[in-house]
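I opened the model to look up a few things. My notes follow.

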Amino acid sequence: MPGSAGASALKTPPPPGELPTVQWSDAEVAAAKAKCTEALSSIKLNYEPLAPIKQGLCGAPAPILLKSLGSDTKVEIDPPATVTCALAKALSTWLNETVQPEAKALFGSQVVKLQNATSYNCRNRYGSAYQPLSEHALA
């Protein structure tokens with residue numbers, strides 16, 4: 001058919017942050033903050049709570065801005081990263097149980113800074129319009 005060559009081309013889907021969304025409910029935010037307090041209760045860190053993020057398919061109801069982890073050996077996050085409390089706790093566990101012992105064994109000292117750590121970023125995997133939502137999109 002004349003003029004139909006472009007009709008069969010796939011239309012690029014919109015970025016995840018541009019899709020219609022419903023904001024977090026007060027109950028979802030309150031529950032996420034309670035889980036956050038529980039997750040952070042057993043670790044040492046420097047952070048500030050952030051407002052809920054909801055951008056299309058992306059966001060988190062109770063994100064934090066993580067500045068550092070640890071107290072005896074403080075690990076600075078440079079620049080600070082927007083993450084969930086569960087991720088901050090997992091990062092603390094990884095640093096304490098894996099990274100610091102290996103750094104001490106290999107280099108005789110401990111890690112004191114994580115530079116350019118990835119953070120919240122509303123995108124699909126690899127920045128591709130055709131990939132699933134990236135974990136970065138959920139902080």
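Is Thr 82 buried or exposed? I looked it up: Thr 82 has a relative accessible area of 15%, so it is buried. My scale is as follows: buried is under 20% relative accessible area, exposed is over 50%, and partly exposed lies in between (1.4 Å probe, protein chains only).

Before going on, I noted the ground rules. This is a predicted model, where local features need pLDDT of at least 70, side-chain atom pairs count only at pLDDT 80 or more, and totals for chains, interfaces and linings use all residues. Residues are numbered from 1 along each chain as its sequence is written, and side-chain values use heavy atoms, with hydrogens and water left out.

I placed Thr 82 in strand β5, residues 75-83. Strands (E, at least two residues) and helices (H or I, at least four) are DSSP runs numbered from the N terminus. I then listed what Thr 82 touches, leaving out residues up to four places away in sequence: Leu 50, Ile 53, Pro 63, Ile 64, Leu 65, Ser 119, Tyr 120 and Ala 139. Contact means heavy atoms within 4.5 Å.

Next I checked Tyr 126. I found Tyr 126 in the segment after β6 (113-115). Its relative accessibility is 73%, so Tyr 126 counts as exposed.

Last, I turned to the helix pair. The axes of α1 (residues 26-40) and α2 (residues 85-107) come within 8 Å and cross at roughly 10°. Axes are lines fitted to C-alpha atoms over the stretch in contact, and angles run from 0 to 180 degrees between N-to-C directions. That makes α1 roughly parallel to α2, a label for angles under 35 degrees. From α1, Cys 36, Ala 39 and Leu 40 make the contact, and from α2, Cys 85, Ala 88 and Lys 89.

Conventions. Angles under 35 degrees count as roughly parallel, over 145 as roughly antiparallel, 65 to 115 as roughly perpendicular and the rest as oblique.
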